[in-house]
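Look at the sequence and the structure below before reading on.

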Amino acid sequence: MSKEGPVESSELKEEYSQFVGKKVLFILLCLAGIVALAGIAATLGSASITPTEVYAAILARFFPGTFETTNFIDTIVWQLRLHRVLMAIFAGMGLAVAGAAMQGILKNPLASPFTLGIASAASFGASLAIIMGAGFVGGQWLIVGNAFIFTMLASITVYGLARYKGITPETMILAGIAIMYLFSAMTSLLQYVGKSEQVHEVVFWMMGSLGRSSWDKVGIIALVTVVCTLLLMYYSWDINALGAGDETAKSLGVNVEFVRVFCMMLASLITASVICFTGTIGFIGLVAPHITRMVVGGDHRFLLPASGLVGALILLAADTVARTIFAPVILPVGIMTAFLGVPFFIYLFLRRRKDYW
Amino acid sequence: MVKITIKDLSFSYGSRKILDDLNVVVGDSEVFSLVGPNGSGKTTMIKCIDRILKPKGTILLDGGKDLQSLSRQEVARYIGYVPQSTTSVLTTTVFDTILMGRKPHMGWRVTDEDIDRVVEMMKLLHVEEFALKDFSELSGGQKQRVLIARALCQEPEVLLLDEPTSNLDVKHQLEALDTVRSIVKKTDISAVMAIHDLNLAARYSDTLVMLKDGKVHAIGDPLALLTEENIRCIFGVEAAVMRDLDRPYVVPLRSLSGEAL
């Protein structure tokens with residue numbers, strides 16, 4: 001017995017470090033996948049250029065002289081395609097991280113910023129701007145500002161309602177669903193009174209699209225997503241502990257209500273910043289964390305960043321398909337993610353283990 | 001030294017008083033059991049001690065530190081909590097579940113010391129063969145051992161157990177309590193547990209507290225406390241207390257109606 005003891009311990013440690021190594025490997029593979037797919041995505045479009053030319057054009061800006069490119073390729077890559085590719089990466093990452101965080105803090109595999117009424121609040125804000133021309137900020141930021149502000153208002157309302165009854169997953173989800181129906185009804189009312197071209201614009205906005213991307217918007221989304229993701233990752237252990245139940249989390253030293261509210265606000269902020277520019281892009285926030293959880297497991301230290309990368313891959317792939325499948329017609333990416341997301345979700349639903357839910 | 005001193009502890013849900021002016025002291029290296037009927041306040045008392053619920057009154061830890069003045073993390077280093085049951089919706093492995101017990105001690109990174117501690121506890125509770133299995137796939141007895149291992153990873157001075165035997169068969173009940181008792185006797189840790197089974201409580205406890213309607217009805221040596229009179233008074237059950245083994249054992253005979261009390 002005593003001889004076997006230490007050997008077994010080292011085997012256990014070895015087993016665990018392989019377990020962790022597998023997760024790190026998955027993250028690295030996703031990163032490599034994103035770089036490769038980004039290169040491919042930037043080559044696809046009406047003007048044909050090769051992946052090598054794309055990478056050369058990108059690197060030429062950073063290392064002038066070392067890499068050769070032409071004005072034409074430089075313009076296509078930098079002014080037309082690259083910001084859209086990066087927008088897909090950061091928007092996908094943000095939505096997926098927000099979804100993973102929501103599922104963790106609400107202990108509900110069906111939770112996402114969308115089930116908490118956030119998307120319908122954004123749609124209402126956008127509709128109000130498009131149909132009534134009313135909003136908190138004017139000019140070109142009218143729709144964006146409205147979508148953002150209503151999204152944050154919705155999550156603060158959910159928090160306020162839940163606070164009244166105690167911040168538990170159940171109260172937050174119920175409050176979120178109530179808010180979702182309220183904003184959906186108000187959007188429908190606006191559509192009912194709106195002119196047909198305005199309604200068309202609202203519908204188009206709600207489908208979600210990366211067509212409105214620009215370098216400024218990429219900058220904002222990237223900044224918010226990266227900062228909030230790092231903050232959420234900082235609370236990984238607390239989110240892990242919440243998964244074991246509120247009482248256990250408290251007994252492990254977690255300030256349960258603070259962590260739940262703070263992380264929900266971070267997830268809402270990411271979602272608001274992304275969908276105010278893109279419109280509502282569904283399913284990334286729901287499906288990407290599920291795919292990732294199947295590979296890396298439930299430890300949020302790895303789940304959050306890995307979900308982000310998987311989300312980036314999915315949205316980039318969906319946008320690339322949406323751009324090219326019926327070219328020159330570009331499908332809204334929100335439709336494409338749902339087409340890719342729904343079959344996968346049903347597949348997950350059918351093969352989930354009996355103890356899962 | 002004294003582990004926990006509880007003075008004038010009261011707790012109410014709204015206007016319903018669950019705990020009413022409790023005064024008890026938990027000493028070093030003892031198994032301290034709370035018995036009483038459903039609703040007598042056993043679980044509530046456990047939760048108040050771990051500040052999962054916020055009671056009125058004073059709880060002093062570690063020779064005089066007021067529970068209310070400590071941070072959650074400080075409490076987590078002193079008290080390990082083993083919940084009655086845990087329903088984990090999202091997947092987590094046994095190893096990660098036990099590693100969570102290091103939360104009060106570690107930062108974001110997991111150190112070798114944390115891993116060593118987890119491995120040590122897994123071996124102590126004999127759960128090493130499930131290390132990378134999903135927690136939800138385990139049987140009730142295995143889950144219980146994993147949760148005890150997690151609480152011990154906190155390196156606590158006090159282990160709180162909320163009905164540790166409620167989901168277990170006879171063999172696993174004995175094994176779980178053997179484990180708790182041997183840990184308590186080998187180390188300086190004390191265990192405070194809420195338990196339904198009077199015979200198990202008598203066999204494994206150093207001190208028994210009988211709770212009724214949120215008050216301490218009797219406290220002391222289980223040998224002295226387990227009498228037919230006490231059981232009738234607390235549970236409203238007529239029982240025979242047999243003393244032909246080295247420990248008393250209770251055979252419940254029939255439930256008494258309200259008037260017979």
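Two strands count as paired if DSSP finds at least two bridges between them. The model shown here is predicted. In chain B, four strands form an open sheet in the order β2-β1-β4-β5, and their pairing is antiparallel. Which strands stand at the edges of this sheet? They are β2 (16-27) and β5 (65-66) of chain B; each has a single partner strand, so one side of each is left without a neighbour in the sheet.

One of the pairs in this sheet can be followed down to its residues. Strand β4 of chain B, residues 56-61, is joined to β5(B) by two bridges, and the two strands run antiparallel. B:Leu61 has B:Lys65 in β5(B) as its bridge partner. Helix α1 of chain B, residues 42-49, lies across β1 (2-13), β2 and β4 of chain B, and its direction makes an angle of about 65° with β2(B).

Strand β1 of chain B also holds B:Asp8. The phi angle of B:Asp8 is near 50°, which is a positive value in a residue other than glycine. Is B:Asp8 buried or exposed? B:Asp8 has 12 C-beta neighbours inside 10 Å, so B:Asp8 counts as exposed.

A positive phi near 50° is also found at B:Glu155, again a residue other than glycine. B:Glu155 lies in the loop between α5 (140-153) and β7 (158-162) of chain B. With 17 other C-beta atoms within 10 Å, B:Glu155 is partly exposed.

Strand β7 belongs to another open sheet of chain B, which has six strands in the order β6-β7-β8-β3-β9-β10 and mixed pairing. The edge strands here are β6 (79-82) and β10 of chain B, each of which pairs on one side only. On average, neighbouring strands of this sheet are turned by 15° against each other, with direction ignored. Strands of a sheet pair through backbone hydrogen bonds, either parallel or antiparallel. Strand β3 of chain B, residues 31-35, runs parallel to β9(B), and four bridges join the two. In this pair, B:Phe32 stands opposite B:Thr207 of β9(B).

Next come the domains. The assignment for chain B gives domain 1 (2-225) and domain 2 (226-261). The C-alpha centres of these two domains of chain B lie 27 Å apart. Their contact takes 13 residues from domain 1 of chain B and ten residues from domain 2 of chain B. On the domain 1 side, α7 (198-204), β9 (207-212), β10 (215-220) and α8 (222-225) of chain B each supply at least two residues. Which of the elements gives the most to this side? It is α7(B), with four residues. By class, this side of domain 1 of chain B has eight nonpolar, three polar and two charged residues.

Chain B also touches chain A, in a contact that takes 30 residues from chain B and 32 residues from chain A. On the chain B side, α2 (72-78), α3 (94-99) and α4 (112-124) each supply at least two residues. The residues of this side of chain B divide into 16 nonpolar, seven polar and seven charged.

In chain A, helix α13 (residues 300-324) has 25 residues and reaches 35 Å from its first C-alpha to its last, close to the 36 Å expected at 1.5 Å a residue. Of the 25 residues of α13(A), 22 are buried, so α13(A) is largely enclosed by the rest of the structure.

Notes. Residues are numbered from 1 along each chain as its sequence is written. Chains are lettered from A and ligands numbered from 1 in the order in which they are written. This is a predicted model: local features need pLDDT of at least 70, side-chain atom pairs count only at pLDDT 80 or more; totals for chains, interfaces and linings use all residues. Two residues are in contact if their C-beta atoms, placed from the backbone, lie within 7 Å. Ala, Val, Leu, Ile, Met, Phe, Trp, Tyr, Cys and Pro count as nonpolar, Asp, Glu, Lys and Arg as charged, and the others, Gly among them, as polar. Domain bounds come from an automatic or database domain assignment. Axes are lines fitted to C-alpha atoms, for helices over the stretch in contact, and angles run from 0 to 180 degrees between N-to-C directions. The expected span of a helix is 1.5 Å times one less than its number of residues. A residue is buried if 20 or more other C-beta atoms lie within 10 Å of its own, exposed if 12 or fewer, and partly exposed in between; C-beta atoms are placed from the backbone.
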